[in-house]
Amino acid sequence: MYQIVIETEDGETCSFECGPSEDVISAGLRQSVILLASCRAGGCATCKADCTDGDYELIDVKVQALPPDEEEDGKVLLCRTFPRSDLHLVVPYTYDRISFEAIQTNWLAEIVACDRVSSNVVRLVLQPLTADGAARISLNFVPGQFVDIEIPGTHTRRSYSMASVAEDGQLEFFIRLLPDGAFSKFLQTEAKVGMRVDLRGPAGSFSLHDHGGRSRVFVAGGTGLSPVLSMIRQLGKSSDPSPATLLFGVTNRDELFYVDELKSLARSMPSLGVRIAVVNDDGGNGVDKGTVIDLLRAELEKSDVKPDIYLCGPPGMIEAAFAAAATAGVPKEQVYLEKFLASG
Ligand SMILES: Cc1cc2nc3c(=O)[nH]c(=O)nc-3n(C[C@H](O)[C@H](O)[C@H](O)COP(=O)(O)OP(=O)(O)OC[C@H]3O[C@@H](n4cnc5c(N)ncnc54)[C@H](O)[C@@H]3O)c2cc1C
Ligand code: FES
């Protein structure tokens with residue numbers, strides 16, 4: 001048995017034992033240390049951490065979740081990390097996100113809205129229910145987190161991030177329709193108000209961080225707006241006065257959604273600025289022609305004090321935004337991200 005020490009973002013530690021043929025997430029669960037994880041198959045990157053000491057083997061890690069350069073830097077996926085010595089692991093979240101007792105992760109919910117809001121996005125709203133379906137309940141989650149939703153009558157699950165905040169009770173999602181996508185097809189052909197679905201979660205470490213007085217820039221590509229919206233709504237409720245800018249981008253104008261709501265959110269939050277970019281467009285009417293990366297570069301040129309940056313959307317957009325931030329001199333510790341990877 002090896003000793004596993006988990007250090008959290010706020011400098012706390014906890015430890016447990018792990019055998020050589022056991023992954024770190026499973027060993028933690030066995031000893032009631034429940035670390036953040038989702039697919040537990042090396043594909044979603046929810047359990048990503050830094051190994052600062054010790055030897056380990058990574059088995060069956062998907063390159064989309066842990067690219068080779070990150071692996072070389074000592075990053076690991078805890079659900080696929082098998083120790084070969086004692087390990088010191090640093091996770092990107094605070095101690096209060098670790099549970100030390102069994103927590104409910106399976107939920108029943110009812111569809112209360114399922115509407116097309118752009119050429120390729122559906123807004124889905126779910127009401128969580130008690131297990132017998134008799135009463136409404138609220139699901140506690142941190143803005144930025146996601147749940148896995150199961151297609152009824154199958155074992156097929158997909159990850160979707162909440163756009164709402166926990167206090168709202170209902171869970172709001174913005175879901176991109178993909179050609180031949182299993183969940184996309186379910187939404188377009190079967191999902192209707194009143195139907196019940198199973199959820200698993202919440203999960204994920206993408207969340208607001210202490211900003212040390214710096215401003216925040218949120219960069220959202222397409223439905224990457226969802227978790228960002230949840231965070232901004234949380235900021236609105238907390239009356240945090242520090243400046244925040246939302247940069248939202250899509251490829252074609254008919255893919256835009258929630259624009260009027262974003263404008264009214266900005267009116268209700270004087271500290272929030274919103275800019276929107278569309279690639280295949282001439283601009284005008286509140287929209288810039290170009291990519292969300294163009295907006296980010298312009299934003300970063302404006303001030304000497306580098307902001308905290310939150311990125312969410314397709315992997316290509318995240319990588320381009322990360323590179324733009326590095327070029328502008330933003331320390332990588334000030335960049336937080338969630339890649340919308342294929343989650344099947
Ligand atoms: C943590 C997390 C949170 C997410 N939150 C959201 C969200 O809030 N809104 C949202 O729209 N999506 C989100 N996603 C992405 C979503 O879970 C996947 O895109 C999902 O697989 C789509 O399901 P589907 O059944 O329609 O398509 P699938 O049946 O899974 O895939 C159909 C085809 O599209 C490809 N594909 C699937 N997903 C992607 C992708 N993201 N990029 C490129 N190609 C893809 C597949 O390889 C396959 O060829 C999230 C993903 C993760 C990991
Ligand atoms: S939980 Fe480890 S990669 Fe998904």
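Which polar backbone atom lies 2.6 Å from an oxygen atom of ligand 1? That atom belongs to F183. Taken alone, ligand 1 exposes 900 Å², and the protein buries 78% of that (accessible areas come from the Shrake-Rupley method with a 1.4 Å probe; for residues, only the protein chains shown count as cover).

A quick word on what you're looking at. This is a predicted model, in which local features need pLDDT of at least 70 and side-chain atom pairs count only at pLDDT 80 or more, while totals for chains, interfaces and linings use all residues. Residues are numbered from 1 along each chain as its sequence is written, chains are lettered from A and ligands numbered from 1 in the order in which they are written, and side-chain values use heavy atoms, with hydrogens and water left out.

## Around the ligand

| Ligand 1 atom | Residue with the polar backbone atom | Distance |
|---|---|---|
| nitrogen | F174 | 2.9 Å |
| oxygen | A182 | 3.0 Å |
| oxygen | F183 | 2.6 Å |

In total, 20 residues surround the ligand, and the closest are R158, S159, F183, S184 and S343 (a residue is near a molecule if one of its heavy atoms lies within 4 Å of it). The shell splits into 10 nonpolar, seven polar and three charged residues. In that count, Ala, Val, Leu, Ile, Met, Phe, Trp, Tyr, Cys and Pro are nonpolar, Asp, Glu, Lys and Arg are charged, and the others, Gly among them, are polar.

Where does the shell come from? Strand 11 (157-161), strand 12 (171-176) and helix 3 (182-189) each supply at least two of its residues, and strand 11 gives the most, with four. Helices (H or I, at least four residues) and strands (E, at least two) are DSSP runs, numbered from the N terminus.

Most residues other than glycine have a negative phi, and most peptide bonds are trans. Some spots here go the other way. G201 and P202 are joined by a cis peptide bond, with omega about 0°, and P202 has its place in strand 13 (residues 196-203).

R40 isn't a glycine, yet its phi is positive, near 55°. You'll find R40 in the loop between helix 1 (24-30) and strand 3 (48-53). R40 counts as partly exposed because its relative accessibility is 40% (buried means under 20% relative accessible area, exposed over 50%, partly exposed in between, with a 1.4 Å probe and protein chains only). R40 and D23 are 17 residues apart in sequence and 9.5 Å apart in space, C-alpha to C-alpha.

Y258 is another non-glycine with a positive phi, about 65°. Y258 sits in the loop between strand 15 (244-252) and helix 5 (259-268), and it counts as buried because its relative accessibility is 15%.

Is D281 buried or exposed? D281 is buried, at 12% relative accessibility, in the loop between strand 16 (272-280) and strand 17 (288-289). Its side chain makes a polar contact of 2.9 Å with the side chain of R253.

A109, in strand 8 (residues 106-118), is buried as well, with a relative accessible area of 0%. The C-alpha atoms of A109 and M195 are separated by 8.5 Å, although the residues are 86 apart along the chain.

Key:
A polar contact is a pair of N or O atoms within 3.5 Å; within protein, one must be able to donate a hydrogen and the other to accept it, and residues adjacent in sequence count only if both atoms are side-chain atoms.
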